[in-house]
Amino acid sequence: MSIKDKKYAKRIEATFSKYPDKRSAVMPLLYIAQEEYGWVSPEGIQEVAELCEIDPTQVKSIAGFYTMYSEQPKGKYWLQVCTDLACALNKADDFYEELKQELGVDDGGTTEDGLFTVEHVMCLAACDKAPMLQCNFHFHEKLNKEKMRELLAQWRADAAKEA
Ligand code: FES
């Protein structure tokens, strides 16, 4: 699969329509590449460069600058738990430990089935809703162990449907 395939054609066309030139669409196209490959892979960088008609090194430099792009392979679900001060005061560290235990991975690790990558991050601007996690850039707030298990079950079911 490639982001140049039909699956993404409408999104890419809609993205280009928002910008005065193709090169300005690099960042949203990098999100599409990350969604397709699970990370900003060399193939994704090449494809974005071709679509935007710029050099791949320019695309790579942008991908490397922003932390929202991952230059390492990740699981299908990229779970980021804020453990910064305000969340830590609401037991975010305990929640993160429970999540790692539940999935059997260490910080930054990916489950053997390739579904989940977990990492702790600094403030995600949901300080009053801890413990919280971000899954593929969607927030889930005021969590506890039970809610976390429900979310994991839902994501596993979603992945099974797509398989
Ligand atoms: S400190 Fe966790 S979201 Fe701000």
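Biologist: With its count of C-beta neighbours inside 10 Å, is Phe137 buried or exposed?

Modeller: Happy to take that up, and please keep in mind that this is a predicted model. Phe137 counts as exposed, because it has 12 C-beta neighbours inside 10 Å and the cut-off for exposed is 12 or fewer. Phe137 sits in the loop between S3 and strand S4 (138–140). Its backbone deserves a look too: phi of Phe137 is positive, about 75 degrees, although the residue is not a glycine. In general, most residues other than glycine have a negative phi.

Now follow the chain on from there. In the loop between S4 and H7 you will find Lys142. Lys142, again a residue other than glycine, has a positive phi near 50 degrees. Lys142 is exposed, because 12 other C-beta atoms lie within 10 Å.

As a rule, most peptide bonds are trans.

Helix H7 covers residues 145–162 and packs with helix H6, residues 92–103, at an angle of about 40 degrees, the two axes being 10 Å apart. That angle makes H6 oblique to H7, and their crossing is right-handed. On the H6 side, the residues that meet H7 are Glu98, Leu99 and Glu102, while H7 brings Lys145, Met148, Arg149 and Leu152. Sorted by class, this contact has three nonpolar and four charged residues, with no polar ones.

The protein has seven helices and four strands, and along the sequence they follow the pattern α-α-α-α-β-α-α-β-β-β-α. The protein is divided into domain 1 (6–65) and domain 2 (77–162), and the C-alpha centres of these two domains lie 27 Å apart. Along its principal axes, the C-alpha trace spans about 45 × 35 × 25 Å. Of the 163 residues, 27% are buried. Among contacts between residues at least 6 apart in sequence, 56% join residues at least 24 apart.

Note on methods. Residues numbered from 1 in each chain as written. Predicted model: local features only at pLDDT ≥ 70, side-chain atom pairs only at ≥ 80, totals over all residues. Axes fitted to C-alpha atoms, helices over the stretch in contact; angles between N-to-C directions. Helix = DSSP H or I, 4+ residues; strand = E, 2+ residues; numbered from the N terminus. Parallel < 35°, antiparallel > 145°, perpendicular 65-115°, else oblique. Left-handed = near helix turned anticlockwise from the far one by under 90°. Contact = placed C-beta atoms within 7 Å. Nonpolar A, V, L, I, M, F, W, Y, C, P; charged D, E, K, R; others polar. Domains from an automatic or database assignment. Buried ≥ 20, exposed ≤ 12 C-beta atoms within 10 Å, placed from the backbone.
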